[in-house]
Amino acid sequence: MTHAHDDPYAVHSILEDAGGDAVAGRVVWAPATSLWQGVMLAGGLAAPFFFSWSGLLVFVALTGATLLVGHSVGFHRRLIHGSFQSPLWLDHLMMYLGTLVGMSGPLAMIEGHDLRDWGQRQPACHPYLSNRAGFWTDYAWNLHGRLVLASPPRRELPERIAGDRFYRFLERTWMLQQLPVAIVLFVGGGWPWLLWGVCARVCVSVTGHWYVGRLAHRTGPQRWLVETSGVQAHDVPWAAIPTMGEAWHNNHHAWPGSAKLGLYPGQADWGFAFIRLLERLGLAWDVRTPETLPERAGLARA
């Protein structure tokens, strides 16, 4: 029974002998998530009519903080891939900020990420998992639907995650977590701060996450191929800074357990820079990079 925290190349929550069929299935409407996305989109479209420079500053600051500390470092590199270790209080803070991005709670984030990761490693997978559907179909599927496989793989989260009461609380209340932020912003700056700091931020973050992920599984530069995987990854260089380094997706597919995604000169990786800062402060340790990882079977130069 192997999880990602044991094997840097395994899928975090899916068992080694998981079974399952990555192709047969259908995408169904997810009404609560769809309504959430619709409200955020409406608020985001209204934000330019309530423009203020301070509201734009709030948007940039909160988007940057939640994507960097919450999503890239917290959700992705720490929670999902275990690419470094950190104290529990910091884990909880990062998971809170990741939840504020507005995509889901931490447990659903693992579930969605790992199902896609597992599917892309199979010889073939459903177009939902590979982003191979048409543009608007893929958009609708990922922001307003969910995939139901006829024969899903078996999953098991480590107890340190599944049994964490704070993670479960965030999972139950992930939409409601925007409410205290919205109240503070409205009191501090009225409608401009609320619309830019909540609605526009969530809309841009979620839509951008889907769009960059779509590009990263379809087209762009490649240095590496994982010969055992049916879906290969590409880099999206223009998105490196907005995604805090996550856009070096070809590197990530090659070394999924690495905390460092920008591996070559000129590849900006603010997420890894933040992890190095935590390390210097004594708040991160066992930081994994390609240099410290074992050789990966099936990895070849593109």
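Biologist: How are H1 and H6 oriented to each other, roughly parallel or roughly perpendicular?

Modeller: Bear in mind that this is a predicted model. Helix H1 covers residues 31–46 and helix H6 covers residues 135–144, and they pack with their axes 8 Å apart at an angle of about 110 degrees. Angles of 65 to 115 degrees count as roughly perpendicular, so H1 and H6 are roughly perpendicular.

Biologist: Which residues in H6 do Thr33, Ser34, Gln37, Gly38 and Leu41 in H1 meet?

Modeller: The residues of that H1 contact with H6 split into five polar, three nonpolar and no charged. On the H6 side, the partners are Tyr139, Leu143 and His144.

Biologist: How much space lies in the second largest pocket?

Modeller: Its lining has 15 residues, and Tyr9, Ala10, Val11, Glu16 and Arg121 are the closest to the pocket's centre. By type, the lining divides into four charged, four polar and seven nonpolar residues. The space in this second largest pocket comes to about 280 Å³.

Notes:
Residues numbered from 1 in each chain as written. Predicted model: local features only at pLDDT ≥ 70, side-chain atom pairs only at ≥ 80, totals over all residues. Heavy atoms only, no water. Axes fitted to C-alpha atoms, helices over the stretch in contact; angles between N-to-C directions. Helix = DSSP H or I, 4+ residues; strand = E, 2+ residues; numbered from the N terminus. Parallel < 35°, antiparallel > 145°, perpendicular 65-115°, else oblique. Contact = heavy atoms within 4.5 Å. Nonpolar A, V, L, I, M, F, W, Y, C, P; charged D, E, K, R; others polar. 1 Å grid on protein atoms, 1.4 Å probe; cavity = no way out; pocket = protein on both sides within 12 Å on 5 of 7 lines; lining within 4 Å. Points joined across faces, edges and corners; volume = space filled by probe spheres on them.
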